[in-house]
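These are my notebook entries on one structure. I set down what I looked up, topic by topic.

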Amino acid sequence: MIRTHTCGELRLENAGQKVTLAGWVQKSRDHGHFAFVDVRDRYGVTQIHIPATRESLYAQVQELGREYVIQVSGTVKERTNKNPKMPTGDIEIEPESVVVLNAAQTPPFKIEDETDGQDQLRMQYRYLDLRRGPLQRSIELRHQVAQATRRYLDQHSFLEIETPYLIKSTPEGARDFVVPSRMNPGQFYALPQSPQTFKQLLMVSGYDRYFQIVRCFRDEDLRADRQPEFTQIDCEMSFVDQEDVLQMFEGMTRYLFREVRGVELPDPFPRMTYREAMERFGSDKPDVRFGMELIDITDIAQHRDFAVFNRQAYIGAICVSGGATYTRKQIDKLTDWVKRPQIGAKGLAWVKANEDGSFGSSLKKFYPPEDFAAWLARANGHTGDLLLILSGPREATQNQLGQLRLELAGREGLRKADDFQPLWVIDFPLLEEKDGEWHAMHHPFTSPKPEQAHLLETDKGSVLANAYDLTMNGVELGGGSIRIHDRELQKRMFRAIGFSDEEAHAQFGFLMGAFEYGAPPHGGIAFGFDRLCAIMGGDESIRDYIAFPKNNMGRDTMIDSPAPIGEVALEELFIAVELPEETEA
């Protein structure tokens, strides 16, 4: 037996026991008359105490380097100088033997909670970074969430069923990763962006409650909450309406937070329509932990001779409590921030409600003080507050204000990581128009509201979807819908997004064919598992909750992937690679 106990389990009641530990050398300290070695595994750290009178052992431990893998056998003793910050801080091991199981090079960064390693270096040595406490706690939380998810869904009669990874490419809004087929020259599989059609087929097959914690793939630009390969809690139910689905997965979310974090979420979760979310927060995944809501001042800001506002469809403001203390330099930095390409605003107007009752503003040449007072009143503002104002096309400007709102909340410390505020967003538009073409806002299998289905051909922009998103703290945790289960309605949906009947049959004939054999009403939801874990852990980035993530260029710098493949392999796959000139250079 290499070890009898882990490095995190021994306590004062174990004093006097003979034990064997194994782990990594966290640090060693030589005090002249005695030496200490901290031995670490994923369960914790235990201190080893070696007096100088044990000459051979004393000399041996002086040769130990950081991250050496060692085995220590000895007796548990009560520490004279206890450390209340460590779970094992009341005891130490007085060793009889120390065996080096494997020596180690000096690591390129400190394997400690607060490390000196930069992101790029830690990604290159991810297997070392994963030894650090914060990442171990994140990966452990991920495991706990997965197990609790399975328990909840099993208790509610869901079956865990695997679906294929090698499928057919489908237009779902993002690029597919494709896999060449050696046995079918010139043809390709695609890795699934989601198991959407397969889980619908399982409903047709009579498996009325399905789930899968499944890997999915999207070849899209990366952000803090996106990776090219990610995990979903994918679920589907038959014989349900929207209310049934919301109740089931609201229950699951409460269960997960209670079981894993000991947090009680509100019951029921609040709900908000898509339109209300955009009007109040400028986002379809609003962060409702704080106020600073968007205020429409279009009607009271367009009556003066200010052409910039008068030619815009929307003028919106947010009120920063106490913001009149912002300096001109601070406001200029905010102006530069909203003018970045990622935000896209043309500029930022502002009004300060000074403590003496006067107003300062970038618009004071165009508006009298009584107008500023009216804007402030509509925003429920007070003396000492700051109004920040954007104008432009309605939805685009609301989105810009929504992003500015989040940025300000971050600067003001209003986004508390341990304040969990769930919200259902419902009544999304079924379709959205981009560059003159119509697209499904969720996906083309989402059903319209039954009472509006007749408008698909005549007023498609007004049709609402039977869809819902679960958001929390400005993050979309999950999204789903009641699906179309009727062949004719599915054909009409495809036509609405520009598919001919022939194109629809070529892409999805298998699904529409299945609808002719008794498809039940069904709906479901998919949770972003990585995002859910990050939110529960109080983080905005999902990367520390994935064992081996990609960097922001979609690369794994540890194994140096993606990478070229050899000419022989390319020939077997009937593939010729032609790189752009700038890539070749």
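Is Phe359 buried, partly exposed or exposed? I found Phe359 to be partly exposed, at 23% relative accessibility. I took buried as under 20% relative accessible area, exposed as over 50%, and partly exposed as in between, with a 1.4 Å probe and protein chains only.

**Basis of the entries.** I worked from a predicted model, in which local features need pLDDT of at least 70 and side-chain atom pairs count only at pLDDT 80 or more, whereas totals for chains, interfaces and linings use all residues. Residues are numbered from 1 along each chain as its sequence is written, and side-chain values use heavy atoms, with hydrogens and water left out.

**Overall.** I noted 17 helices and 22 strands in the protein chain. Helices (H or I, at least four residues) and strands (E, at least two) are DSSP runs, numbered from the N terminus. The C-alpha atoms fill a box of roughly 90 × 75 × 60 Å along the principal axes. Of the 585 residues, 49% count as buried. I also looked up the contacts (heavy atoms within 4.5 Å). Among those in the chain with a separation of 6 or more, 66% come from residues 24 or more positions apart.

**Aromatic rings.** I recorded 21 aromatic pairs in the structure. Rings of Phe, Tyr and Trp (its six-membered ring) pair if their centres lie within 6.5 Å; planes under 30 degrees apart count as stacked, over 60 as edge-to-face and the rest as tilted. Phe359 and Phe372 make a tilted pair, with 5.9 Å from centre to centre and 55° between the planes. This pair links distant parts of the chain, since Phe359 lies in strand E15 (residues 359-361) and Phe372 in helix H11 (residues 369-378), 13 residues apart. Phe372 is buried, at 2% relative accessibility. I then turned to Phe494 and Phe499, whose pair is stacked because the ring centres are 5.5 Å apart and the planes stand at 15°. Phe494 is buried at 0%, and Phe499 counts as buried at 18%. Ring pairs also join Phe306, Phe309, Phe359, Phe366, Tyr367, Phe372 and Trp375 into a cluster.

**The sheet with E15.** I traced an open antiparallel sheet of 5 strands in the order E12-E13-E16-E14-E15. Its edge strands are E12 (295-296) and E15, each of which pairs on one side only. I counted two strands as paired if DSSP finds at least two bridges between them. Helix H11 packs on this sheet, touching E12, E14, E15 and E16, and its direction makes about 90° with that of E15. Axes are lines fitted to C-alpha atoms, for helices over the stretch in contact, and angles run from 0 to 180 degrees between N-to-C directions. Strand E14 (residues 349-353) runs antiparallel to strand E16 (residues 386-392), joined by 4 bridges. Lys352 has Leu386 in E16 as its bridge partner.

**The sheet of 8 strands.** I read the order of this open sheet as E6-E9-E10-E22-E21-E20-E17-E11, with mixed pairing. Strands E6 (159-160) and E11 (271-273) stand at the edges with a single partner strand each, so one side of each is left without a neighbour in the sheet. Strand E10 (residues 229-238) pairs antiparallel with strand E22 (residues 522-528) over 7 bridges, and Met237 stands opposite Gly523 in E22. Helix H4 (residues 133-155) lies across E6, strand E9 (209-217) and E10, at about 150° to E9.

**Helix H7.** I found H7 (residues 274-281) lying across E11 and strand E17 (422-426), at about 85° to E11. Which residues of H7 are buried? They are Tyr274, Ala277, Met278 and Phe281. Seen down the axis of H7, they fall within an arc of 105°, so they line one face of the helix. The arc is that of the directions from the helix axis to the C-beta atoms. Their cover includes E11, helix H12 (394-412) and E17. Just after H7, Gly282 has a positive phi of about 70°.

**Cysteines.** With a disulfide taken as a pair of cysteine sulfur atoms within 2.5 Å, I recorded 0 disulfides. The sulfur of Cys216 is 12 Å from the closest cysteine sulfur, in Cys235, too far for a bond. Cys216 is buried, at 0% relative accessibility.
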